[in-house]
Amino acid sequence: MSLFLRDGFDAALSALAGVTFVDQWDARVAKVGGKVFCLLTDYEPRCIVFKCSEESFDILTSLSGVTQARYFAKRKWASAEAGSELGEDDLRAYATRSHALVAAGLTRKLRAELGID
């Protein structure tokens, strides 16, 4: 199921440790330890926003349909539209990496409580 559909988004990301979902900012927001790591917009064109490394950001934003995420102040957040050059498998990998990047910033105690290595 496509990540650009709520059911597919929820199914793919709920497999990651400690994930919760909320509806805010006209989007389905995935959080780990209360921190945003990925979101799916409710409006068209559907976009998935995720955190990435600086190197990945430069590569990703050179692709058609991938830009710096609106409303996210730092350059390390990318937004991929449905139909972008970034394929679904790669998008899943970047969402998983985003989870890891955000989880790494949580306290050791919280990571342990959430079952994150």
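Trainee: What does L13 touch, once residues up to four places away in sequence are not counted?

Mentor: In this predicted model, L13 touches V19, F21, A30, F37, C38 and A95. Contact here means heavy atoms within 4.5 Å.

Trainee: What makes L13 stand out in the largest nonpolar core?

Mentor: That core has 26 residues, and L13 is among those that touch the most other members, together with F37, C38, I48, F50 and L91. Two or more residues come from each of helix 1 (6-14), strand 2 (27-32), strand 3, strand 4, helix 2 (54-60), strand 6 and helix 3 (88-104). Helix 3 gives the most, with four residues.

Trainee: Which residues does the second core include, and why is it called separate?

Mentor: The second core has eight residues, including A27, A69, F72 and W77. As background, nonpolar side chains tend to be buried together in soluble globular proteins.

Trainee: Now the charges. How do you know that R6 and D23 form a salt bridge?

Mentor: Their side chains meet at 2.9 Å, N to O. The cut-off is 4 Å, so the pair qualifies. R6 lies in helix 1 and D23 in strand 1 (residues 19-24), so this bridge ties together parts that are 17 residues apart in sequence.

Trainee: Why are R6 and D23 called partly exposed?

Mentor: Buried means under 20% and exposed means over 50%, with partly exposed in between. R6 has 28% relative accessibility, so R6 falls in the middle class. D23 has 48%, so D23 falls there too.

Trainee: What makes R6 and D42 a salt bridge?

Mentor: The distance is 3.0 Å, N to O, so this pair also meets the 4 Å limit. D42 sits in the loop between strand 3 and strand 4, while R6 is in helix 1, so the pair ties together parts that are 36 residues apart in sequence. D42 has a relative accessible area of 36%, and therefore counts as partly exposed.

Trainee: Which residues are linked with R6 in a network of salt bridges?

Mentor: The network links R6, D10, D23, R28 and D42. The count for the model comes to five salt bridges.

Trainee: Why is the contact between E88 and R92 called a salt bridge at 3.8 Å?

Mentor: The N to O distance of 3.8 Å is within 4 Å, so the pair counts. E88 and R92 are four residues apart in helix 3, which means about one helical turn separates them. E88 is partly exposed, with a relative accessible area of 28%, and R92 is partly exposed at 28% too.

Trainee: One last topic, the largest pocket. How many residues line the largest pocket, and what kinds are they?

Mentor: The lining has 19 residues, with T41, Y43, V49, R70 and Y71 nearest the centre. They divide into 11 nonpolar, five polar and three charged. The volume of this pocket is about 330 Å³.

Conventions. Residues are numbered from 1 along each chain as its sequence is written. This is a predicted model: local features need pLDDT of at least 70, side-chain atom pairs count only at pLDDT 80 or more; totals for chains, interfaces and linings use all residues. Side-chain values use heavy atoms; hydrogens and water are left out. On a 1 Å grid over the protein atoms alone, a cavity is a set of points where a 1.4 Å probe fits but cannot get out, and a pocket is an open set with protein on both sides within 12 Å along at least five of seven lines; lining residues have an atom within 4 Å of a point. Grid points are joined across faces, edges and corners, and a volume is the space filled by probe spheres set on the points. Ala, Val, Leu, Ile, Met, Phe, Trp, Tyr, Cys and Pro count as nonpolar, Asp, Glu, Lys and Arg as charged, and the others, Gly among them, as polar. A nonpolar core is a set of buried Ala, Val, Leu, Ile, Met, Phe, Trp, Tyr and Cys residues joined through side-chain atoms within 4.5 Å. Buried means under 20% relative accessible area, exposed over 50%, partly exposed in between (1.4 Å probe, protein chains only).
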